[in-house]
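Take a look at the structure below. We will begin at the ligand and then step back to the chain.

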Amino acid sequence: MKIGIIGAGNIGGNLTRRLTALGHDVSVANSRGPHTLTALAEETGATPVPAGEAARGAEIVVVTVPLKAVPDLPSGLLDGAADDVAVIDTGNYYPRERDGRIAGIEDEGLTESRWTERQIGHPVVKAFNGTYAQDILERPRPAGDPDRMALPVAGDDEAAKAKVRALIDELGFDTVDAGGIDDSWRQQPDTPVYGLREGVEGVTKALAEASPERPAAFRG
Ligand SMILES: NC(=O)c1ccc[n+]([C@@H]2O[C@H](COP(=O)([O-])OP(=O)(O)OC[C@H]3O[C@@H](n4cnc5c(N)ncnc54)[C@H](OP(=O)(O)O)[C@@H]3O)[C@@H](O)[C@H]2O)c1
């Protein structure tokens with residue numbers, strides 16, 4: 001499958017490693033340009049591209065940049081992608097440590113992913129946001145393994161969500177349907193499921209136990 005990855009840091013780099021190893025055709029981008037991605041390209045066989053070209057022909061695009069960088073992404077980011085492209089958003093809002101205060105999230109009460117999809121002008125599927133980057137490399141397990149971790153996946157487009165869940169299964173993780181993007185506060189930072197290394201039962205329970213109130217440490 002053709003996959004575009006925008007952001008080549010902890011998460012984007014490890015998704016590039018795993019998805020190329022699985023045989024996918026991966027284009028990867030960062031902010032500094034393709035010439036700064038030669039080491040990752042040589043390691044993985046991925047194609048380094050400018051961010052504005054990462055989605056070309058892609059059936060899945062992963063947006064995995066710091067939240068504060070989302071408004072800086074090129075306009076027309078999804079131009080040239082497959083008509084039914086699924087866009088994965090791995091983002092989290094860290095107002096105090098990294099992102100600064102984002103009014104749309106704090107004043108309008110948008111979930112982090114709803115805010116992101118408004119910035120990029122395309123629906124997203126929220127996944128991997130509570131997954132340690134290292135776990136993408138180190139914790140995949142075959143289907144049915146009792147130690148297989150589950151990841152929550154939220155999105156409004158059922159077809160896109162199904163495509164993302166199938167990819168995550170291929171990567172070696174179960175998934176739990178966490179509802180739509182307006183429900184995705186259940187998997188934001190500091191919720192019980194965030195960073196949880198459990199299977200379907202534990203993740204389902206943690207999602208149910210989440211509180212909609214934004215914790216003080218995650219307010220700008
Ligand atoms: N680290 C984790 O374990 C983890 C886990 C789950 C979710 N997340 C979330 O996932 C997102 C990415 O996290 P991360 O840890 O992978 O970040 P990171 O290591 O800081 O990497 C960020 C990447 O985004 C790129 N980038 C920044 N601005 C860009 C722009 N305008 N256009 C294109 N690329 C741009 C950076 O490129 P340059 O280096 O060239 O600037 C870099 O490759 C964050 O929202 C984070 O909260 C992280």
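**Around the ligand**

The shell around the ligand holds nine nonpolar, 11 polar and three charged residues. Here Ala, Val, Leu, Ile, Met, Phe, Trp, Tyr, Cys and Pro count as nonpolar, Asp, Glu, Lys and Arg as charged, and the others, Gly among them, as polar. This is a predicted model: local features need pLDDT of at least 70, side-chain atom pairs count only at pLDDT 80 or more, and totals for chains, interfaces and linings use all residues. Residues are numbered from 1 along each chain as its sequence is written, and side-chain values use heavy atoms, with hydrogens and water left out.

Of the 23 residues around the ligand (a heavy atom within 4 Å), A8, N10, I11, S31 and R32 come nearest. The side chain of S31 places an N or O atom 2.6 Å from a ligand oxygen. The protein covers 78% of the 910 Å² of accessible area that the ligand has on its own (Shrake-Rupley method, 1.4 Å probe).

Now the chain. The protein chain has eight helices and eight strands (DSSP runs: H or I, at least four residues, for helices; E, at least two, for strands). Its C-alpha atoms fill a box of roughly 45 × 40 × 30 Å, taken along the principal axes.

Definitions and conventions:
A polar contact is a pair of N or O atoms within 3.5 Å; within protein, one must be able to donate a hydrogen and the other to accept it, and residues adjacent in sequence count only if both atoms are side-chain atoms.
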